[in-house]
Amino acid sequence: MQRHETLDLEDFEALLHRAATMIADRVERIGPCAEGPVVHPATFDELAALIPADWPEAGAGAHAVLDDVARCIEPYATRIGHPRFLAWITTSPAPAGTLGDIVCTGLNQAPLSFKGGPAATVLEHVVIGWLARLFGLPEVAEGTMDGPGGTIVSGGTMANLMGLTVARHTHFPEAATKGLAGIGRTPVLYVSDQGHMSIERSAVLLGLGADNVRAIPSDADNRMDVAALRAAIKMDREAGLAPFCVVAQAGSVTTGAVDPLPEIADACAAEGLWFHVDAAYGGAAMLTDEGRALLAGIHRADSICVDPHKWFFIPLECGVTLFRSKAQQIATFRARASYLGEENPHDLKNTTFILSRANRALKVWFAFRTYGRERLRRIVTRNMELARHFRDLCAASPEWRVLAPVQLSIACARYLPQGGGWTEEDVNRLQVRLLERLEASGEGFLTPAMVRGRAGVRLCVANHRTSEADIRLLFDLMTTLGRELAMQGPQAS
């Protein structure tokens, strides 16, 4: 009998082996003996000319396409796992997470419903439970059968949006049927002036409007001023507006600052406001004794954003929103449609507005079970120590000025050229030139930071491969580059 045509590959196992070898070789090359630039200098136009862009009528075959990947894609991929990739909070993925991600893709489950992925559904409940306990959310709310819930999404932006969506629905349920016009008052959201841009973007997507997001001033340590928060809430209430949510930072994106969570929780409780904590980056500090003390009060949150693909070393994409009340979460997102079949109480379609979703829990479960909490705790602790080491090197040098306290694993400092004739603007531009020279050297990749009007370099250690030697190399190299640029004078900068 003649077989119908499919998309199966006859030598699939050999192709998988070849792809796996490519990945293993890459991990080896970005390890302690990493070679080549952290960020390849190729331009968009150069790569566009190199990468095949035709959609052929007849396929080239998988081996030929893997040849293309080896020739013109892998060599130009940013070495995010490199020990001196200390730029954004995009971490070095742990190889066990990569294995979990490969298995996830191969199994291709669709856990919008229990039948679409029975084991995948259970895995998500397991991972959400682990994280809820890590953050101290109560197992069962007092006097109810309700308990913590959550959802796994693509990253922090989506995780913050999920938290604010449930906050809006809980405070203004009429918006679900009548829209914002049915509320009759203007909802107002509060976040510090150090807050992530995803908070304002979420407000825009939810129809709240950017003008109704209050940027609360931060103090000298870049932490929300709670007195200013209380004053802003009072002023908005007197103006007839409807305050409903406060977003606290547990690891701000620029300096890693942690807002005073207990005081903000008190303010929210007194005013009847939703308390959302953006711990996308800093949440992993809860693995450590020091971090738990720093993030004390986070257990009082109504919702928490945390990204396993940041400081938990899970490959992209993986963000999580935790909820104190699973009932509130499901009331916001419950989805019914006849084509989805019979309802199951564990269906994940009721935990988020996303239907088609990968089994992201598998790579978290795989990595966490592979390494265990103690090993992750040691890595996170070492990252925090390395950030303080960079701070100490800068503090001991007359050529550097520390710009902010190191609370987690982000350190910000400003190179100060010796000699006169430099304006503040000149020195600001010098920081950008210094980082451009560092990137061009291929030895490391950091980002600029603007801290209270002063530009500097920002080093974020969320990397399981980074060592003290890497920090020293970067400090010495940036000092040398700074001196070379300073010798050229302010105009050259």
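Buried means under 20% relative accessible area, exposed over 50%, and partly exposed in between, with a 1.4 Å probe and protein chains only. This is a predicted model, in which local features need pLDDT of at least 70 and side-chain atom pairs count only at pLDDT 80 or more, while totals for chains, interfaces and linings use all residues. Residues are numbered from 1 along each chain as its sequence is written, and side-chain values use heavy atoms, with hydrogens and water left out.

Q: Which residues of helix 14 are buried?
A: Asp426, Val427, Asn428, Leu430, Gln431, Leu434, Leu435 and Leu438. Helices (H or I, at least four residues) and strands (E, at least two) are DSSP runs, numbered from the N terminus.

Q: What covers the buried residues of helix 14?
A: The cover includes strand 8 (400-402), strand 9 (410-415), strand 10 (447-451), strand 11 (454-460) and helix 15 (468-487).

Q: How many disulfides does a search of the whole structure find?
A: It finds 0 disulfides; a disulfide is a pair of cysteine sulfur atoms within 2.5 Å.

Q: Why is Cys245 too far from Cys268 for a bond?
A: Because the sulfur of Cys245 is 7.3 Å from that of Cys268, the closest cysteine sulfur. Cys460 is in no disulfide either, the nearest cysteine sulfur, that of Cys412, being 9.3 Å away.

Q: What makes Cys245 count as buried?
A: Its relative accessibility is 0%, so Cys245 counts as buried.

Q: Why is Cys460 called buried?
A: Because its relative accessible area is 2%, Cys460 is buried.

Terms used:
Contact = heavy atoms within 4.5 Å.
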